[in-house]
Amino acid sequence: MALTTYKWTTEKYHQAIDQGLWSDERVELLRGEIIVMAPEREPHAYANTEVADYLRRQLQGQAQIRDAKPITLPNYSEPEPDIAVVQPLGPAYRQHHPYPENIYLIIELSYATLSKDLNEKKSIYAEAGIPEYWVVDLQHRQLWVFRTVINGQYTAEERLTSGTITPMAFPAHTLEVQQLIDP
């Protein structure tokens, strides 16, 4: 007997959420599959708040910082990245989550999910054309930076443990790597 799986569309996923299907669990849609999200431990929660607040101060008025909120991607994915730096569209987000064209930068903070963030999530974000993706490795105190999407893959990669970094969408803003990896 062949095993058949059901691929969720974003529309069906939203309908299930509206019906309260996962009201007691944190889930996200990745490539049409419902994924239960790992519980957030203290180091991750603390770092997420501190990094998001740092970005809000640095990019004030130029971008909206959404932490742990969904984004809608074309590949049947609606992940909830730790931080999404998006266009400040105000009330438009009452009607839809940010789409790829609204997103400047995605940041995942990894304490127990480094492999997933460096592989599956990176691939999903690149396929959707997200121009810049950062992974903060909280255990090893390093920042992975992925840029330049060509044919659905990031072609530029670097790993930082100190110094500064300038987000591609905000060339006038220099961020301290230390504030990101060890807030």
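Reader: Is Glu108 buried or exposed?
Author: This is a predicted model, where local features need pLDDT of at least 70, side-chain atom pairs count only at pLDDT 80 or more, and totals for chains, interfaces and linings use all residues. Residues are numbered from 1 along each chain as its sequence is written, and side-chain values use heavy atoms, with hydrogens and water left out. Buried means under 20% relative accessible area, exposed over 50%, partly exposed in between (1.4 Å probe, protein chains only). At 2% relative accessibility, Glu108 counts as buried.

Reader: Which residue forms a salt bridge with Glu108?
Author: A salt bridge puts a side-chain nitrogen of Lys or Arg within 4 Å of a carboxyl oxygen of Asp or Glu. Here the closest N and O atoms are 3.1 Å apart. The partner of Glu108 is Lys121.

Reader: Which parts does this pair tie together?
Author: Helices (H or I, at least four residues) and strands (E, at least two) are DSSP runs, numbered from the N terminus. The two residues are 13 apart in sequence.

Reader: Is Lys121 buried or exposed?
Author: Lys121 has 3% relative accessibility. It therefore counts as buried.

Reader: Which residues do salt bridges that share partners join into one network?
Author: Glu108 and Lys121 both belong to this network.

Reader: Where is Ala112, and is it buried or exposed?
Author: Ala112 sits in the loop between β5 and α3 (114-127). Its relative accessibility is 73%, so Ala112 counts as exposed.
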